[in-house]
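Here is a structure to read through by question and answer. Please look at the sequence and the model before going on.

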Amino acid sequence: MVNQRQLKIQLDARVQTMGIVNTVLIALLLICEVFGEADDYIGCTSVVKLLNVKIDRRLHSHDVRYGSGSGQQSVTGIADKDDKGSYWVVLAAHDNICQRGQPIACNSVIRFQHSSTGCLLHSHSAFACPFSGNQEVSCFGKNGIGDEGDNWIVLCDKKYWEKGDEVQFKHLQTDHYLGMSSRKYDRPIVGQNEVCAFRSDSFPTIWKAVEGIYMKKKIDNALEKP
């Protein structure tokens with residue numbers, strides 16, 4: 001016959017086991033919620049890498065400033081798909097907020113914050129790229145705080161922007177398209193491609209989201225725009 005002490009030990013063991021199982025289940029649910037399948041939409045605060053389809057390089061930045069032009073932090077294209085400097089956080093437009101996981105609607109206005117340095121993907125008509133002469137693209141601001149020059153329109157033909165979709169990003173202030181040229185820098189960023197904003201969408205201005213952490217939320221409960 002089992003005495004009270006033995007019964008208590010058995011119950012405690014069962015509780016501990018159930019706690020471990022529940023913890024594992026919760027972790028699995030969180031993983032399923034955060035890491036999307038190939039056809040999942042891009043949600044607000046998702047952390048993504050953007051691949052230029054034609055040049056086959058990922059959008060990248062680092063704590064290296066342009067030696068000419070604005071002198072702001074440089075934005076380039078990089079071949080290494082594992083480089084952590086290619087992660088960008090998807091945010092709402094300047095002076096706006098969006099809920100974590102809120103689906104990004106096609107033709108809505110967003111920003112990209114560089115995950116490593118905290119500055120924002122930016123463009124302006126006052127400065128040109130050093131090689132091609134197209135409009136300069138830089139990383140501007142600090143800790144997610146910038147200005148209207150950080151706003152980009154997501155151009156896609158679905159209701160929501162989804163992982164793997166071929167999309168374009170049009171700069172709201174200047175109507176130029178985020179793109180990449182085949183020209184490459186020398187020191188100190190040897191072999192990295194020039195990233196510019198192009199007047200026409202016929203240049204290498206097609207992008208798709210590839211690796212990343214995709215925040216998800218039920219679309220039925222989400223707002224249409226950031």
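This is a predicted model: local features need pLDDT of at least 70, side-chain atom pairs count only at pLDDT 80 or more; totals for chains, interfaces and linings use all residues.

Q: How many disulfides does a search of the whole structure find?
A: A disulfide is a covalent bond between the sulfur atoms of two cysteines. The criterion applied here is a pair of cysteine sulfur atoms within 2.5 Å. Over the whole structure, the search gives a count of 4 disulfides.

Q: Which pattern do the disulfides of the chain follow?
A: To state the pattern, the bonded cysteines are counted along the chain.

Q: Is the link of cysteine 44 and cysteine 98 right-handed or left-handed?
A: Cysteine 44 and cysteine 98 form a disulfide with their sulfur atoms 1.9 Å apart. This pair links distant parts of the chain, 54 residues apart: cysteine 44 is in the loop between helix H1 (4-34) and strand E1 (47-52), and cysteine 98 is in the loop between strand E4 (88-92) and strand E5 (109-114). The angle about the S-S bond is 65°, and the link is right-handed.

Q: Why does cysteine 98 count as buried?
A: Buried means under 20% relative accessible area. Cysteine 44, its disulfide partner, is buried with a relative accessible area of 1%. Cysteine 98 is buried as well, because its relative accessible area is 18%.

Q: What is the angle about the S-S bond in the link of cysteine 106 and cysteine 156?
A: The sulfur atoms of cysteine 106 and cysteine 156 are 1.9 Å apart, and the two form a disulfide. The pair links distant parts of the chain, with cysteine 106 in the loop between E4 and E5 and cysteine 156 in the loop between strand E8 (152-155) and strand E9 (168-171). Both cysteine 106 and cysteine 156 are buried. Their link is left-handed, with an angle about the S-S bond of -115°.

Q: Where is cysteine 196, which a disulfide joins to cysteine 129?
A: The sulfur atoms of cysteine 129 and cysteine 196 are 2.1 Å apart in this disulfide. Cysteine 129 is in the loop between strand E6 (120-128) and strand E7 (135-140), and its partner is 67 residues away, in strand E11 (residues 193-198).

Q: What is the relative accessibility of cysteine 196?
A: The cut-off for buried is under 20% relative accessible area. Cysteine 129 counts as buried at 5%. Cysteine 196 also counts as buried, and its relative accessibility is 0%.

Q: Which residue forms a salt bridge with arginine 58?
A: The pair links distant parts of the chain, 153 residues apart, with arginine 58 in strand E2 (residues 57-65) and its partner in strand E12 (residues 207-213). The closest N and O atoms are 2.8 Å apart, and the partner is glutamate 211.

Q: Is glutamate 211 buried or partly exposed?
A: Arginine 58 counts as buried at 10% relative accessibility. Glutamate 211 has a relative accessible area of 26%, which makes it partly exposed.

Q: Which residues are linked in a network of salt bridges?
A: Lysine 158 forms a salt bridge with glutamate 162, the closest N and O atoms being 3.3 Å apart. Lysine 158 also forms a salt bridge with aspartate 165, here with the closest N and O atoms 3.2 Å apart. Lysine 158 counts as partly exposed at 41% relative accessibility, whereas aspartate 165 counts as buried at 14%. The network consists of Lys158, Glu162 and Asp165.

Methods:
Residues are numbered from 1 along each chain as its sequence is written. Side-chain values use heavy atoms; hydrogens and water are left out. Helices (H or I, at least four residues) and strands (E, at least two) are DSSP runs, numbered from the N terminus. Buried means under 20% relative accessible area, exposed over 50%, partly exposed in between (1.4 Å probe, protein chains only). A salt bridge is a side-chain nitrogen of Lys or Arg within 4 Å of a carboxyl oxygen of Asp or Glu.
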